[in-house]
Amino acid sequence: MIEVAFLGTSASAPSVDRGLSAAMVMHEDQRFLVDCGEGTQRQILRSGLGFKRLDTVLLTHGHLDHILGLGGLVSTFARWEAATHLTIFGGGWALERVRDLMNVVLRGGEVQLRINYQELQPGLFWHRRGLTITAFPVMHRGPGCFGFLFEEESRRPFLAEQADGLGVPAGPERRLLVQGQPVTLPDGRRVDPEQVLGPLIPGVKLAWVGDAAQTESLHEHVLGADALVIESTYLDVEADMAVRFGHLTASQAATLAYQAGIKKLLLTHISRRYSSKQILAEAATIFPNTVVVRDLDHFRVTRAIGETRVEALPELVLPCPTNGETPRPASAGIELLEKRELG
Ligand SMILES: [Zn+2]
Ligand SMILES: [Zn+2]
């Protein structure tokens, strides 16, 4: 099972409803912050997920709408959360920009945090506790942009009822059986793993693409994923702008999902010039199993035998205290007059 919590889903600049790109991917006790746009630390607080065990950041690329939040996050970590280290994976250019940002944050020794910069190359870069992560190249604007494939290792479930029936005591015998080793019970009977392990359940596969200029080169990397998270900055009516600024349209993203046999498409990096409905309408005509995600949407991706489930969990939002203020109408936000989506 892999869980995804979206923290920021806006393209380029924040809107009243959407923060800048960031998400938390979780597998058992492992947590990864994927991108960290400005304001991410507050979204983490609003989500209720908290900062604990959050020591690994994966950057899709180095544009400011994906990295600026690291400054505030590191400052808070060092001052209030007693964190001692942070590992940041990213392309060379993204890490160079983050280093520059950190020079400002960490200068003078007021904030102390050990930052471990890990430059990504295409290929496997994470293999721990039943999860692998592979980086693959993505074409956007600028060098060193990456997508990520999170893959859970396949497993055979332990059938506790069978074990009970065979009289296997709770304890080390069960652990050995789960590890595939036979055990001999105190009464001399031998129990084989085959007797207490269910059929192989393939691990969940989650493909992640940040900003992208085209989808052709992505097909082989995302093929057959249970869920694909990908940007959808433009609509097809403005495909020329998408090309100009190195972004995708909703129909391009949906076509990739359709052709690559994706089970569920999660669209993010949404321009505030369009409504979610417009994005969804365009994508769903090509790939119906699409969700245009919102900030604090939370999904659980699971797989039983032959079946993928991508469940939407209750929204993570802890309602913002209004302090008696009257909510501002959406029109009070700053309107983005230009059509450019530079991030
Ligand atoms: Zn962006
Ligand atoms: Zn970008």
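A search of the whole structure, which is a predicted model, turns up 8 salt bridges. One of them pairs Arg129 with Asp29, with 3.2 Å between the closest N and O atoms. Arg129 sits in the loop between strand 7 (123-128) and strand 8 (131-137), while Asp29 sits in the loop between strand 2 and strand 3 (30-36), so this pair ties together parts that are 100 residues apart in sequence. Neither end is hidden away: Arg129 is partly exposed at 49% relative accessible area, and Asp29 is partly exposed as well, at 38%.

Two further salt bridges are worth a look. Arg189 pairs up with Asp187, and here the closest N and O atoms are 3.0 Å apart. Arg189 is partly exposed, with a relative accessible area of 38%, whereas Asp187 reaches 52% and counts as exposed. In the other, Arg294 meets Asp297, with the closest N and O atoms 2.9 Å apart.

Turning to the metal site, the zinc ion (ligand 1) is held by Asp65 (OD), His66 (NE2), Asp211 (OD) and His269 (NE2), which lie 2.1 to 2.2 Å from the metal. Along the chain, these donors follow the spacing D-H-x144-D-x57-H. The angles that the 4 donor atoms subtend run from 92 to 164 degrees, so the arrangement comes out as irregular; to pass as tetrahedral, four donors would need all angles between 85 and 135 degrees. His66 belongs to helix 2 (residues 64-67) and Asp211 to the loop between strand 12 (205-208) and helix 8 (219-222), so the pair links parts that are 145 residues apart in sequence. Both His66 and Asp211 are buried.

One of the zinc donors, His269, also shows up among the contacts of Ser10. Ser10 lies in the loop between strand 1 (2-8) and strand 2 (22-27), and this serine is buried, with a relative accessible area of 0%. The side chain of Ser10 reaches the backbone oxygen of Ala13 at 2.6 Å. Setting aside neighbours within four places in sequence, Ser10 is in contact with Ser15, Arg18, Gly19, Leu20 and Ser21, as well as with His269 and Ile270.

Conventions: Residues numbered from 1 in each chain as written. Chains lettered and ligands numbered in written order. Predicted model: local features only at pLDDT ≥ 70, side-chain atom pairs only at ≥ 80, totals over all residues. Heavy atoms only, no water. Donors = N, O, S within 2.8 Å, 3.2 Å for Na, K, Ca; no water. Tetrahedral: all angles 85-135°; square planar, octahedral: opposite > 155°, others 65-115°. Helix = DSSP H or I, 4+ residues; strand = E, 2+ residues; numbered from the N terminus. Buried < 20%, exposed > 50% of the residue type's maximum accessible area, 1.4 Å probe, protein only. Polar contact = N/O pair within 3.5 Å; in protein donor to acceptor, adjacent residues only side chain to side chain. Contact = heavy atoms within 4.5 Å. Salt bridge = Lys/Arg side-chain N within 4 Å of Asp/Glu carboxyl O.
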